[in-house]
Every structure is written in structure tokens, then in C-alpha cells.
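Q: Could you walk me through this structure? I would like to start with how the chains touch and then go on to the folding.

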Amino acid sequence: MDTNKIILITGTRKGIGRYLSEYYLEKGLVVIGCSRGESDLAHPRYEHFCIDVADEKRVVEMIAAVRKRHGRIDYLLNNAGIAAMNHSLLTPLSVVERIFRTNVFGTFLFCREVGKVMAKSKAGRIVNFATVATPLKLEGESAYAASKAAIVSLTQVLAREFAPFHITVNALGPTPVYTDLVRNVPKEKMERLLQMQTIRRFGTFEDISNVLDFFLQDGSRFITGQVIYLGGVS
Amino acid sequence: MDGKKIEEIVITAFNEYFETQDIQGKVDADTVLFGEESALDSMGLVNVVIDIESFFHAEGYNISLTSERAMSRKSSPFRTVSTLVDFIAELIDEASK
Ligand SMILES: NC(=O)c1ccc[n+]([C@@H]2O[C@H](COP(=O)([O-])OP(=O)(O)OC[C@H]3O[C@@H](n4cnc5c(N)ncnc54)[C@H](OP(=O)(O)O)[C@@H]3O)[C@@H](O)[C@H]2O)c1
């Protein structure tokens, strides 16, 4: 991967997004991150924006600022996401709304705004974040799984709409990875979930960056609209 | 920013796009932007809209031509160059309030 490339990653304060920021900084890229909270990642090539990914006005402003400063964006990782484990019969609509706002609306907005910047330079790679909860049809995760199903659909349609601009749009569906997102899931439940995978273990941060590297490498220009699930889930 | 300047920016964006695509003809205020009379296909229009937006963003006006207002109008602001210019003037006016 070329150094001096510019990668925009959403949800970089902690978890997978934080790991990916450090991973791409290490490789020499300029990393532009965002999350609702402040980040304590200090690096000369890291820039942080405190925004909610579903806040249209702030997203438009952020991308305009990035465009002004850097003139282009090479890669976009729509990592920001939230989950909630609950039986549907016990789930308030406000929770469903919150999940859809961050996961679906946030992903859509970044694809749209960054897509325009990439379209201008007739190049770009976008990777959205799905989950194995969708194909495994996990009980207790209806809103989360449905929001990520929407992301898969978005990925496939945008792949077509963006193809004339030489932008690829793919998705990565991680298995559980040990972050705050899954820390509160009861142990037996998590064990049962892992048993549904083909390879029965937690995913690691490296499992994630491995797939991302594939989607982002120059040679993957003919790969678009694809969803790769970890752990042999399909 | 006054209407004349906006019109200039819009017309330049269309003419530049026409040039890169080898589309014959010049754009003026009455040029029809879509439909059978237009020299642009829908991808062409998307391209020019992105160019126009990014021009205004660079000037510090974070307007969005794809706002709900644009979609919900009885008659689309994208009919002709002059309707598009009026619409942009409205957006800029509103943004500066
Ligand atoms: N961990 C897993 O097991 C797993 C499995 C499958 C898929 N995934 C997906 O992987 C992605 C990352 O998950 P993770 O495990 O790293 O989660 P995490 O540890 O909970 O981190 C989520 C990150 O997103 C940011 N964020 C959340 N809502 C936001 C919003 N509305 N606007 C801006 N930033 C927001 C958070 O920062 P702030 O709180 O400061 O906003 C945080 O940096 C998600 O899309 C998730 O669905 C994770």
C-alpha cells in the first residue's frame, strides 16, 4: 500500500476503529478519524473530528474540511457502529432508531459525501462494516442484524452506482471480536454463538486488517459489491 | 454571492464537463438539463452536480444540491441552467442567515 495515501475511518475513539487507525498510521498513511467523543490518539498524521456520523450537517462540513485540506480521500472505512442485545418484544423503538441512525444513516452519509470526493478523482475504495449476526440470524439481535443487512444491500447497490467512477464498495462481516461492543454479552451466549461459526474462535484485530488490506490493495480494482465474512460464516 | 456569479460558475461547470466528454454545443441560461432535449444523461448530470457542489464547498458554502427541498419541489430545480441558478442562490441565501 502506498504511503501518503489518505484513509478516513469512522468510529476511531476505541475498539476496532482505534486499532485500524494505529495500523494504518504505522504503514505511513494519513489517517482521518471521527467519533462522538474525543480521541487520545496523538500522532502527526492523525486528525480527529468529534462528530456523530448520523448528523448530516456535521458530516458534510467534515468532508468539506478534509477535501479543502487534502484534496482527495483514497480509502473510506465505515467502521462506526453500535449494537444492542435484547429480545425484540422487549426492545424500545428508540433503541432501534439509534442503531439505524448510526449504522445505516451514518454509513450512507459517509458513502455519499466521500463518494463525491472520490468521484472527482475517479478513484477510491470504500469498505463498510457488516456482521455475522445477519447471516447467522442471531436471536436477540434483530435490530442490529437488520441494520447490518441494510448495509449489505447498500454496499451492493452503491458498488453499481459508483463503478463508473472507479470506486469499489465492499463489506467485511466480522465474527465477535473482543471489544466493548460484545463485552456485556453473557459468556454462555457467546460460546453458543462461536459454535455456529465454521472456525470456532473469536476474531482478532489482525483478522480484520487482513481482509481490509485485500480490499484496499491496488490489485483489487476488479473486486466490488462483495461481502467477506470471517470465521467461515456465509 | 450574486446571481450573475452563480450563473457563471454553473455554466463553466457544464461547459467543462461537455468538453471532457466531447459533447458538442455550449451551455447558456436556457439550456435544458435533463429529458430528451438535454445533451446530458443522468450520469452526466450527477458528474456536473458534484463539480458544482465541490466548487461552492471550496468557496466556504456548504450547500447540498440534493436536499429534500430539491426532491420535493413540484418542478425540479434541475430543469434548466437558470432554475438551477435560482435554487443555488436560495440555498446560499439560507446558509448565510
Ligand atoms: N466487536 C465485534 O464483535 C464486532 C462484530 C461484528 C461487527 N462489528 C462491527 O465493527 C465495528 C466496530 O465495532 P467495535 O467492536 O470496535 O465497537 P466499539 O468498541 O463499541 O467502538 C465503536 C466505535 O464507534 C464510535 N461510534 C459509535 N457510535 C458513533 C456515532 N453515532 N458517531 C460517531 N462515532 C460513533 C465509538 O466512539 P464514540 O462512542 O466516541 O462515538 C467507537 O469509537 C462496528 O460497525 C460493529 O458493528 C464488531
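A: Let us begin with a term: buried area is the accessible area, taken with a 1.4 Å probe, that two parts lose on being put together, summed over both. Please also keep in mind that this is a predicted model.

Q: Which three residues of chain B supply more of its buried area than any other three?
A: Those are B:Ile50, B:His57 and B:Asn62, which supply 40% of the area that chain B buries against chain A.

Q: And how many salt bridges are there across the interface?
A: The rule finds two salt bridges across the interface of chain B and chain A, and one of them joins A:Lys120 to B:Asp51, where the closest N and O atoms are 2.9 Å apart. Three residue pairs are also in polar contact across this interface.

Q: Why are A:Glu22 and A:Arg18 separated by about one helical turn?
A: Because they are four residues apart in helix α1 of chain A, which covers residues 15–26.

Q: Switching topic, what is the strand order in the sheet?
A: Chain A has an open sheet of seven strands in the order β3-β2-β1-β4-β5-β6-β7, with parallel pairing. The edge strands, each pairing on one side only, are β3 (46–50) and β7 (227–229) of chain A. From one strand to the next, the twist averages 15°.

Q: Which helix packs on the sheet there?
A: Helix α4 of chain A, residues 142–162, packs on the sheet and touches β5, β6 and β7 of chain A, while its direction makes about 160° with that of β6(A).

Q: And how many bridges link β1 and β2?
A: Strands β1 (residues 6–10) and β2 (residues 30–35) of chain A pair in the parallel sense over five bridges, and A:Thr10 stands opposite A:Cys34 in β2(A).

Conventions:
Residues are numbered from 1 along each chain as its sequence is written. Chains are lettered from A and ligands numbered from 1 in the order in which they are written. This is a predicted model: local features need pLDDT of at least 70, side-chain atom pairs count only at pLDDT 80 or more; totals for chains, interfaces and linings use all residues. Side-chain values use heavy atoms; hydrogens and water are left out. Two strands pair if DSSP finds at least two bridges between them. Helices (H or I, at least four residues) and strands (E, at least two) are DSSP runs, numbered from the N terminus. Axes are lines fitted to C-alpha atoms, for helices over the stretch in contact, and angles run from 0 to 180 degrees between N-to-C directions. Contact means heavy atoms within 4.5 Å. A salt bridge is a side-chain nitrogen of Lys or Arg within 4 Å of a carboxyl oxygen of Asp or Glu. A polar contact is a pair of N or O atoms within 3.5 Å; within protein, one must be able to donate a hydrogen and the other to accept it, and residues adjacent in sequence count only if both atoms are side-chain atoms.
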